Every structure is written in structure tokens, then in C-alpha cells.
Amino acid sequence: MLSRYLTVRKEVSEHEIVIQKSRFIAHIKRVENEGEAQEFIQILKKKYWDANHNCSAYLVGENDQIQKANDDGEPSGTAGVPILEVLKKKKLKDTVVVITRYFGGIKLGAGGLIRAYGKATSEGLEAAGIVERRLVQIVHVKIDYTWLGKVEKELRESEYIIKEIHYLDIVEVEVYVNDDQVSTFFEWLTELTNGQAGLTKGETDYLEVLL
């Protein structure tokens with residue numbers, strides 16, 4: 001698993017721009033595999049069956065091992081590849097983009113098409129929102145209620161992020177901690193609570209930070 005990587009937010013996004021009377025609608029989705037990417041493309045082709053083109057590109061895999069681009073009737077290399085190049089330039093992973101074009105009557109030429117599809121992709125990604133996914137350790141902190149105020153205050157003022165607080169017989173606070181900071185976190189909490197906190201490592205998970 002990668003310690004950190006960039007991708008788009010989980011929600012499917014749609015963003016439209018108009019260039020020389022042609023409508024370019026960017027559809028963007030985070031995917032886990034190539035099958036999901038292909039399914040998303042086919043769904044949009046059916047939905048926008050009346051469009052002149054539904055061009056697409058996607059990057060999938062930890063090492064970007066799956067890369068595909070499709071011009072869908074536009075001149076070769078003027079649509080799918082520019083979309084893919086924007087994804088690569090922004091270092092995004094597990095992302096599929098479909099640009100739906102409704103021709104407005106003005107021909108853009110090869111250079112104009114490349115710029116248009118690149119711009120539609122860039123603006124679409126900005127609207128979708130890019131996140132950094134960081135692999136973190138979830139640490140379980142068990143404390144007596146008398147320590148809750150101090151511990152919660154210190155945590156919220158620190159670089160660590162509280163995932164959840166469980167109010168049981170004793171309080172259990174779940175905290176996201178970067179994998180390389182677990183030892184430091186344990187030492188800090190132990191000193192903060194005079195050794196009264198019970199600290200255990202839980203599962204690993206990805207924490208998403210909007211850039």
C-alpha cells in the first residue's frame with residue numbers, strides 16, 4: 001500500500017465549460033479498478049448518446065500500470081491523450097475522466113482540440129476536488145473521564161486528528177496517527193496523562209485531506 005497518493009474526492013463530479021460554442025462536460029470519478037472505469041464510461045455514453053463525442057482517459061493502479069485514452073471519433077491524439085496527460089501531470093491515481101462534447105459549429109483544429117480537452121479536464125478536476133490519501137495508524141486511547149477535557153483539548157490543538165470518541169465506562173478516543181509518528185505519539189500521550197492512558201494500535205486506514 002502506498003503511504004500517500006493523490007486522487008479525486010469520492011463523489012462523482014460534473015463540470016461544464018463552453019469553448020467556441022462547443023459544450024465540454026467533464027465527468028470525473030474515483031475508481032478502484034479498470035472495470036469500474038469502463039463501466040463509468042459506458043454509462044455516460046448511454047446517457048449522452050446524442051453528444052458528438054464522449055472522450056475518456058483513466059489511470060488505475062499504485063504504479064499507474066493501467067493507462068487508457070480514447071478519442072471517441074475526434075482526430076487521433078486530440079482528446080483522450082490530452083485528458084490522460086492532465087491526469088499524469090497532476091499525479092492523480094485511480095481516476096477516470098469522460099469529456100462529453102456537443103459540437104457548436106466552429107471547428108477548433110487539432111491544436112484547439114488539444115487545448116480545449118486539456119482545459120475541460122483541468123477545470124473539471126479543480127471542481128471535483130483533489131485529495132491526498134495518507135496511510136495512517138488508528139490508535140485507541142483509553143482514559144478515565146477525569147482526563148477527557150485535557151486530552152481532547154491537547155489533541156485538537158496538535159497535528160493529530162481525532163477520528164471518533166466513544167463514551168463508555170471509560171472514554172475511548174480513536175486518533176489518526178501517521179505510521180512514522182506512532183512511537184512519538186505514544187510517548188507524548190503517556191507523558192501528558194502521567195501514564196494513565198491505555199494505548200493500543202488498531203487497524204490502518206487512509207485519511208483524506210482536501211488540497
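What volume does the largest pocket have? I looked this up first, keeping in mind that the model is predicted. The largest pocket has a volume of about 260 Å³. I then listed what lines the largest pocket: there are 15 residues, and Tyr5, Glu32, Asp94, Arg133 and Tyr206 are the closest to its centre. Sorted by class, the lining has seven charged, six nonpolar and two polar residues.

**Entry: strand 7**

I went to strand 7, residues 130–143, and checked how much of it is buried. I found 12 of its 14 residues buried, so strand 7 is largely enclosed by the rest of the structure.

Which strands pair with strand 7? I noted strand 1, strand 10 and strand 9. Strand 1 covers residues 4–8, runs antiparallel to strand 7 and is joined to it by five bridges. One pair I picked out here is Arg4 with its bridge partner Arg134 in strand 7. Strand 10, residues 198–210, pairs with strand 7 over 11 bridges, in the antiparallel sense. There I found Leu207 of strand 10 opposite Arg134, the residue I had already noted as the partner of Arg4. Strand 9, residues 171–178, is also antiparallel to strand 7, with eight bridges between them. In this pairing Asn178 of strand 9 stands opposite Val136.

**Entry: the nonpolar cores**

How many residues does the largest nonpolar core have? I recorded 25, and the ones with the most contacts inside this core are Phe24, Ile83, Val97, Ile99, Tyr117 and Leu125. Strands 2, 3, 4 and 6 and helices 2 and 3 each supply at least two residues of this core. The largest share comes from helix 3, with six residues. Apart from this core I found another, of 20 residues, including Val141, Ile162, Val171 and Val173.

Leaving out residues up to four places away in sequence, Val97 touches His27, Ile28, Cys55, Ser56, Ala57, Ile83, Leu87, Thr121 and Leu125.

Is Ile28 buried or exposed? Its relative accessible area is 0%, so Ile28 counts as buried, the cut-off being under 20%. The C-alpha atoms of Ile28 and Val97 are 4.7 Å apart, although 69 residues separate the two in sequence. With residues up to four places away again left out, the contacts of Ile28 include Val8, Phe40, Val96, Gly124 and Ala128.

**Entry: helix 2 and helix 3**

I listed the buried residues of helix 2: Gly80, Pro82, Ile83, Leu84, Val86 and Leu87. What covers these buried residues includes strand 4, strand 5, strand 6 and helix 3. Lys91 follows helix 2 and has a positive phi, near 60°.

In helix 3 I looked at Glu123. Glu123 has a relative accessibility of 28%, so it counts as partly exposed. Not counting residues up to four places away in sequence, Glu123 touches His15 and Ile17.

Strand 4, residues 53–60, and strand 5, residues 66–70, pair in the antiparallel sense over five bridges. Leu59 has Gln67 of strand 5 as its bridge partner. The two strands form a hairpin with five residues between them, and Gly61 in the turn has a positive phi of about 110°.

I noted Asp64 in the loop between strand 4 and strand 5. Asp64 is not a glycine, yet its phi is positive, near 55°. With a relative accessible area of 23%, Asp64 is partly exposed.

Where is Lys21 placed? I found Lys21 in the loop between strand 2 and strand 3. Lys21 is not a glycine either, and its phi is positive at about 75°. At 60% relative accessibility Lys21 counts as exposed, because the cut-off for exposed is over 50%.

Notes
Residues numbered from 1 in each chain as written. Predicted model: local features only at pLDDT ≥ 70, side-chain atom pairs only at ≥ 80, totals over all residues. Heavy atoms only, no water. 1 Å grid on protein atoms, 1.4 Å probe; cavity = no way out; pocket = protein on both sides within 12 Å on 5 of 7 lines; lining within 4 Å. Points joined across faces, edges and corners; volume = space filled by probe spheres on them. Nonpolar A, V, L, I, M, F, W, Y, C, P; charged D, E, K, R; others polar. Pairing = 2+ DSSP bridges. Helix = DSSP H or I, 4+ residues; strand = E, 2+ residues; numbered from the N terminus. Core = buried A, V, L, I, M, F, W, Y, C linked by side-chain atoms within 4.5 Å. Buried < 20%, exposed > 50% of the residue type's maximum accessible area, 1.4 Å probe, protein only. Contact = heavy atoms within 4.5 Å.
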